[in-house]
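Open the model in your viewer and keep the selection tool at hand. The tour moves from ring to ring, then into open space.

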Amino acid sequence: MPPSHSALLEEQAVSALLGAAVGDAFGVPFEFLPADTVGQYDLEKMHGADVEPDVPSYWGLRIPSGAWSDDTSMAVATMESIVENSGEINPTSLMEHFVSWWEDGAYCSIDYPFGIGKAVSKALGKFENGIPAEECGGTRVRDNGNGALMRIFPVVLHLCDELSGEPEQKVRAYETICAATRITHAHPISQVSNLIYAEFLNSVLNGAAISDAYRQTVTACSSDLEGFIEENGWEDALHELARVLGPDFLAIDRSLLEPTGYVVHTLEIVLYALLNSSSYKETIQVAVNLGGDTDTYAAIAGAAAGVEYGADSIPAEWLERLKRRDYLESLAFRFGGI
């Protein structure tokens, strides 16, 4: 007998959150290292400051193995906000939870927060100075980091029925995703990037294989989603994402990928890792092997891979090192049950 709808949502929430957190923690020690340096390490095991050999990076020498960073902390804060608001996605509440994370150490894997990005830090500063949450996100082209893409998967999980619904339901879901994005990243490129990832992840949540989910996403970007983007005047942003939606992306050479924190580059790397692997473990290894913003790539790809392959597919030795696993699973069950 297939699981009930609520049981499936709980299962998917657990798989996505554990998938993101393990990917995040796996990538933390390698953050901002070049690919050739990452390639010198055994990616069968999870590294950290308590694991030999040392990884010569800022976090690799300071953070223990299994510790997840800002990527998962902000996703966790998002989940807690949605639960506390009985399913409502409230921008002010989201920002309050983000402030609690960074200022008070809530939603952390260890005793203190780490890894905040410049755009997020600036947005939180605005909010603490009394600017409404909806007006805090950066609007310049240079503000298109990946700090909203990394935390959007809980919103997509919560809106999966609407994203799969009638056109007016989809539009409301798109608007909610954009509202959740804008509080830290308000430029159209960031909003469109999150919408593309939302379409992809929603297809995976509905049972599509990774390659089929990608093709469905490309189709959506020339139908429902394209119409929404045009109504908002964001055609230039969609053009910026042309390569990841183009006919040659499935065969793109990894040398053409750019391991930066730019949201467009991040989305390309995430989809590349998912499309060029056949298991959760391999997805994370491909994402991290590219170097650069490794924890973020692996967290975003890990959320989708967790849903696609299931929490049981995450290597046991990686899960054993994961900090606060019990809390993450408890939160995911609470989230999936709302």
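The stops below cover aromatic pairs, charges over rings and a pocket.

This is a predicted model, so residues count from 1 along each chain as its sequence is written, local features need pLDDT of at least 70, side-chain atom pairs need pLDDT 80 or more, and totals for chains, interfaces and linings use all residues. Side-chain values rest on heavy atoms, without hydrogens or water.

**Stop 1: the ring pairs**

A pair of aromatic rings is described by the distance of the centres and the angle of the planes. Here, rings of Phe, Tyr and Trp (its six-membered ring) pair if their centres lie within 6.5 Å; planes under 30 degrees apart are stacked, over 60 edge-to-face, the rest tilted. The count by this rule is 9 aromatic pairs.

Select F26 and W318. Their pair is tilted, with 4.3 Å centre to centre and 40 degrees between the planes. The two ends are distant in the chain: F26 is in helix α1 (residues 5-27) and W318 in helix α17 (residues 316-321), 292 residues apart. Helices are DSSP runs (H or I, at least four residues), numbered from the N terminus.

F26 is buried at 1%, and W318 is buried at 0%.

**Stop 2: Y58 and W59**

Now select Y58 and W59. This pair is edge-to-face, 4.8 Å centre to centre, with 80 degrees between the planes. Y58 is exposed at 52% relative accessibility, whereas W59 is buried at 17%.

R62 lies over the face of Y58, 3.8 Å from the ring centre. A charge sits over a ring if NZ of Lys or CZ of Arg is within 6 Å of the ring centre and within 35 degrees of the ring normal. For another such contact, select R324 and Y327: the charged end of R324 sits over the Y327 ring, 4.3 Å from its centre.

**Stop 3: the largest pocket**

Select G117, K118, A119, G145 and G261. Of the 26 residues that line the largest pocket, these lie nearest its centre. A pocket is an open set of points on a 1 Å grid over the protein atoms alone, where a 1.4 Å probe fits, with protein on both sides within 12 Å along at least five of seven lines; lining residues have an atom within 4 Å of a point.

Finish by colouring α5: with 4 residues, α5 gives the most to this lining.

Note on methods. Buried < 20%, exposed > 50% of the residue type's maximum accessible area, 1.4 Å probe, protein only.
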